[in-house]
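Q: I would like a close look at one part of this model: the aromatic rings and how they pair. Please begin with the overall layout, for orientation.

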Amino acid sequence: MPSIENKEIKAIFDAYPKQLKMPMKELRNLIYEVAGDHNLIVEESIKWGEPSFRTKQGSPLRLGVRTAEQSACCIYFNCQTNLVETFRELYSDVLRFEGKREITLDINKDIPEDEVRHCLGLALRYHQLKHLPQLGT
């Protein structure tokens with residue numbers, strides 16, 4: 001589990017409501033694990049007040065919380081990509097999607113780790129895969 005070096009990013013994670021801290025940290029850890037599985041270097045920053053992650057080979061993604069739904073956390077993807085469209089085709093029976101940019105996860109349920117890992121891997125390598133039908137899946 002990579003520690004949070006940036007004080008501003010750490011403050012964001014520390015400010016999450018108690019029930020959201022662990023799921024959000026778990027998602028962050030998954031991002032780093034998946035990046036490590038593919039030998040990618042993650043750049044972490046803040047975009048729109050939320051933790052943002054990118055690799056040189058991929059499309060940026062952000063972690064967020066639905067303010068109205070304190071029981072849901074979100075992974076946001078660039079809506080100008082076909083990432084969420086591809087994820088929806090693959091995992092509409094397992095994951096919940098909002099529009100063209102979001103996976104919404106219920107914190108009262110286990111994170112469907114295999115499916116989320118696959119989605120993160122596609123996003124973190126998007127520029128290597130975008131020319132392939134369904135991102136090579």
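Read along the sequence, what pattern does the chain follow? And how many aromatic pairs does a search of the whole structure find?

A: The model is predicted, so local features need pLDDT of at least 70 and side-chain atom pairs count only at pLDDT 80 or more, while totals for chains, interfaces and linings use all residues. Residues are numbered from 1 along each chain as its sequence is written, and side-chain values use heavy atoms, with hydrogens and water left out.

The pattern along the sequence is α-α-β-β-β-β-α-β-β-α-α, made up of five helices and six strands (DSSP runs numbered from the N terminus: H or I of at least four residues for helices, E of at least two for strands). With a radius of gyration of 14 Å, close to the 14 Å that the globule rule gives for 137 residues, the chain is as compact as a globular protein of that length; the radius is taken over C-alpha atoms, and the rule is 2.2 Å times the number of residues to the power 0.38. The C-alpha trace spans about 40 × 30 × 25 Å along its principal axes. Of the 137 residues, 45% count as buried, where buried means under 20% relative accessible area, exposed over 50% and partly exposed in between (1.4 Å probe, protein chains only).

Now the rings. Rings of Phe, Tyr and Trp (its six-membered ring) pair if their centres lie within 6.5 Å; planes under 30 degrees apart are stacked, over 60 edge-to-face, and the rest tilted. The search of the whole structure finds three aromatic pairs. One of them joins Phe13 and Tyr16, whose ring centres are 5.4 Å apart with planes at 90°, so the pair is edge-to-face. Phe13 is buried at 0% relative accessibility, and Tyr16 is buried too, with a relative accessible area of 10%.

Phe77 and Phe87 also form an edge-to-face pair, because their ring centres are 5.0 Å apart and their planes stand at 70°. This pair ties together parts that are ten residues apart in sequence, since Phe77 lies in strand β4 (residues 72-77) and Phe87 in helix α3 (residues 83-91). Both Phe77 and Phe87 are buried.

Trp48 counts as exposed at 71% relative accessibility, and its phi is near 55°, a positive value in a residue other than glycine. Most residues other than glycine have a negative phi.
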